Amino acid sequence: MPPFDLVSEFQPTGDQPEAIRLLTEGYHKGHIDQTLLGATGTGKTFTVASVVQNLQVPTLILAHNKTLAAQLYSEFKQFFPRNAVEYFVSYYDYYQPEAYVPRHDLHIEKQTQINEHIDRLRLAASAALMSRRDVLIVASVSCIYGIGDPQAWAKASVELKVGEVSLRRDIILRKLVQIQYTRNDLDFRRGTFRVRGDTLEIFPGYAETAYRVAMFGDEIERITEFEPLTGEVLADFDEITIFPAKQFISDDDKLRQALTDIERELEEQIKHFRDNDKLVEAQRIEQRTRYDIEMIREVGYCSGIENYSRHLDQRIAGSPPHTLIDYFPDEFLLVVDESHMTLPQVRGMYNGDRQRKQTLVDYGFRLPSALDNRPLTFEEFRGRVNQSVYTTATPSEFEMKHSQQIVQQIIRPTGILDPVCEVRPTEGQIEDVLQEVARRVKQKQRAIITTLTQRMSEELAGYLNEMGIKAQYLHAEIDTIERVEILRDLRLGVYDVIVGINLLREGIDLPEVSLVVILDADKAGFLRSESALIQIIGRAARHIEGTVLLYGDKMTPAMTAALAETERRREVQHDYNVAHNVEPQAIVKQIRDLTDRVKAMVQETSDSAAAREAIDPHELPVDDLHRMIKELEKEMKKAAQSLEFEQAAALRDQLFDLRGTLAEKQGDDVRLVLD
């Protein structure tokens with residue numbers, strides 16, 4: 001297998017070489033946990049890629065949301081173009097889990113919309129881990145949820161070799177059907193195969209190309225890879241392995257035993273309910289489960305079949321499910337990106353899932369074995385991980401306590417220092433903010449102000465506008481595309497100031513911002529915690545004259561810690577610049593970098609979008625609203641399939657508005673009928 005081969009025009013600079021060396025040595029020394037404490041804009045992704053090249057072990061990059069995972073996937077794809085870089089996130093475009101609300105006697109059926117493209121990428125990740133070692137998987141926290149047994153999945157694969165005569169053609173076809181491939185001689189698509197004379201063509205469920213197997217009788221003469229659309233031959237192979245087209249595979253013996261076990265558990269649960277005088281629950285669980293059993297017996301599938309995964313996998317009660325982590329070899333590296341956000345998310349998954357399913361079990365909607373269809377607990381997750389590197393600018397208590405080595409990376413390639421921070425009293429703070437902002441406006445610089453409430457952000461933006469400063473507020477009620485446009489307009493100078501809450505913390509790249517104002521900095525809470533303050537301060541770290549003003553009447557522990565850490569970083573950065581004769585350089589970044597990607601995606605559907613904007617939804621009849629909603633749903637799925645989650649989020653916002661309008665109109669229609 002090819003080794004990890006890092007391809008990049010960049011060379012390690014600043015403290016990157018030392019960080020790469022220390023993390024590599026720490027892995028070889030057997031350190032279980034290491035932390036890369038990297039400030040904003042210091043190139044943590046490049047450092048991680050360099051470490052992966054040094055270690056040459058399979059790697060799992062864990063991110064806390066799909067959008068961040070997609071960005072990392074794109075970056076690592078560029079760094080390792082000749083290696084297997086794969087993407088593993090939830091394949092649901094829409095997911096409404098099954099739930100029951102006892103107070104209202106309301107049962108909510110499970111509703112899902114599966115993204116076929118992401119499903120292919122998930123299968124490709126599993127196939128890569130089974131067939132090679134130069135594998136880097138970028139995943140969201142969905143990787144701790146149950147998927148198929150890796151041993152059963154690998155065992156079910158079909159191996160084909162040139163010159164092989166041990167498998168007759170009809171046996172090969174039967175094996176393909178057993179691993180969820182279907183024969184389709186007309187519509188040749190992913191997860192199908194077709195037979196033309198002595199030629200067998202297979203389109204793997206995880207690939208973008210297909211294989212052509214030429215046979216003479218029962219002997220395989222040639223195996224080629226080809227482009228399904230054009231038929232162009234791409235390569236010849238001596239042997240190939242075809243992995244299953246679905247993640248869950250169960251053989252006939254296991255399936256028969258699983259049905260027996262489900263029926264046995266059903267009888268026990270019915271008896272339990274009747275013994276406790278819960279006759280409604282007893283009838284409900286019997287009716288629902290027997291229907292599922294018949295569906296599995298007849299067609300091999302039922303809605304919610306994952307709730308019987310413990311029986312299908314023949315696991316003992318209470319045992320954890322098989323996850324993507326089980327597909328990795330024992331020796332692999334876990335990199336947790338933005339660990340201060342990702343690790344709490346991993347920790348919280350189990351309890352929320354357990355509470356919802358326990359209610360379903362208690363009221364007879366699911367058997368107790370459904371509780372074993374779950375994400376891993378945090379302890380189980382930790383137990384499956386070999387060695388970890390946590391990357392963050394604001395490590396939490398967990399990273400600080402468990403890391404055997406904390407590696408700093410706070411030198412920016414541009415030489416820019418962390419911003420100057422100053423604490424000022426709250427008395428007269430608005431007038432003081434007004435003067436500071438006006439001074440920055442004269443220098444054609446920008447400012448952002450953070451508040452604690454939406455109302456405060458709106459009122460302060462209005463006041464600044466009255467004073468002649470072009471301001472705009474930004475909070476969660478503003479649609480996705482409008483948020484991006486506001487940030488673009490800030491960089492262009494349409495606005496001088498943006499007033500927001502938590503949206504101005506992580507991931508916002510605004511090189512023109514030289515002033516950050518933090519109101520109510522001394523208020524305790526999540527928005528003014530140490531890590532939150534450091535992240536907010538980082539928004540001014542891309543400008544040479546970056547300054548942060550914190551308004552408060554007392555110094556909280558969070559403020560003290562955040563200011564001390566910022567000052568420590570400034571000293572290190574300054575000493576490095578002096579020692580290496582580095583002159584800080586302003587970041588010159590094209591404004592289109594922030595918004596054009598989203599705007600370009602919107603332009604793909606500009607005609608239909610313009611048509612929708614020109615129409616007032618309230619004036620449309622219900623049928624037309626239904627059609628418009630269906631059209632938007634298709635566009636949203638297409639955007640998500642292309643991993644363009646910003647566009648998908650924007651279309652989702654429009655969908656919510658249209659569905660709200662539809663609900664209002666249907667309510668009016670009902671009232672008219674009643675009248």
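1. Asp313 sits in the loop that runs between α9 (309-312) and β17 (333-337). In this predicted model, Asp313 has a relative accessibility of 12% and therefore counts as buried, the cut-off being under 20%. Leaving aside residues up to four places away in sequence, Asp313 touches Lys254 and His322.

2. The chain as a whole gives the setting for that residue. The chain holds 21 helices and 25 strands, and 50% of its 675 residues count as buried. Among contacts between residues at least 6 apart in sequence, 74% join residues at least 24 apart.

3. Two packed helices are described by the angle between their axes and the distance between the axes. For helix α7 (residues 252-275) and helix α8 (residues 279-299), the axes cross at roughly 170° and come within 9 Å. Angles over 145 degrees count as roughly antiparallel, so α7 is roughly antiparallel to α8. On the α7 side the contact includes Leu255, Leu259, Ile262 and Glu263, and these residues belong to a set that meets α8 residues including Leu279, Glu281, Ala282 and Ile285. By class, the residues of this contact divide into 11 nonpolar, two polar and seven charged.

4. The pair formed by helix α1 (residues 16-28) and helix α2 (residues 44-55) packs at an angle of about 40°, with the axes 9 Å apart. That angle makes α1 oblique to α2, and the crossing of the two is right-handed. From α1 the contact draws on Gln16, Ala19, Ile20, Leu23, Thr24, Tyr27 and His28, and from α2 on Phe46, Thr47, Ser50, Val51, Asn54 and Leu55. Seven of the residues in the contact of α1 with α2 are nonpolar, six are polar and none is charged.

5. Helix α16 (residues 530-537) and helix α17 (residues 557-579) pack with their axes 8 Å apart and at an angle of about 45°. The angle makes α16 oblique to α17, and this crossing is right-handed. Glu530, Leu533, Ile534 and Ile537 supply the α16 side of the contact, while Ala558, Met559, Ala561, Ala562, Glu565, Thr566 and Arg569 supply the α17 side. The contact of α16 with α17 comprises seven nonpolar, one polar and three charged residues.

6. Helix α4 (residues 116-131) may be checked for both its span and its burial. Its 16 residues reach 22 Å from the first C-alpha to the last, close to the 22 Å expected at 1.5 Å a residue. α4 is mostly covered, with 12 of its 16 residues buried. The buried residues of α4 are Ile118, Asp119, Arg120, Leu121, Arg122, Leu123, Ala124, Ala125, Ser126, Ala127, Ala128 and Leu129.

7. Leu487 has a relative accessible area of 8% and is buried. From C-alpha to C-alpha, Leu487 and Ile498 are 8.0 Å apart in space, and the two are 11 residues apart in sequence.

Technical notes:
Residues numbered from 1 in each chain as written. Predicted model: local features only at pLDDT ≥ 70, side-chain atom pairs only at ≥ 80, totals over all residues. Heavy atoms only, no water. Axes fitted to C-alpha atoms, helices over the stretch in contact; angles between N-to-C directions. Helix = DSSP H or I, 4+ residues; strand = E, 2+ residues; numbered from the N terminus. Parallel < 35°, antiparallel > 145°, perpendicular 65-115°, else oblique. Left-handed = near helix turned anticlockwise from the far one by under 90°. Contact = heavy atoms within 4.5 Å. Nonpolar A, V, L, I, M, F, W, Y, C, P; charged D, E, K, R; others polar. Expected span 1.5 Å × (residues − 1). Buried < 20%, exposed > 50% of the residue type's maximum accessible area, 1.4 Å probe, protein only.
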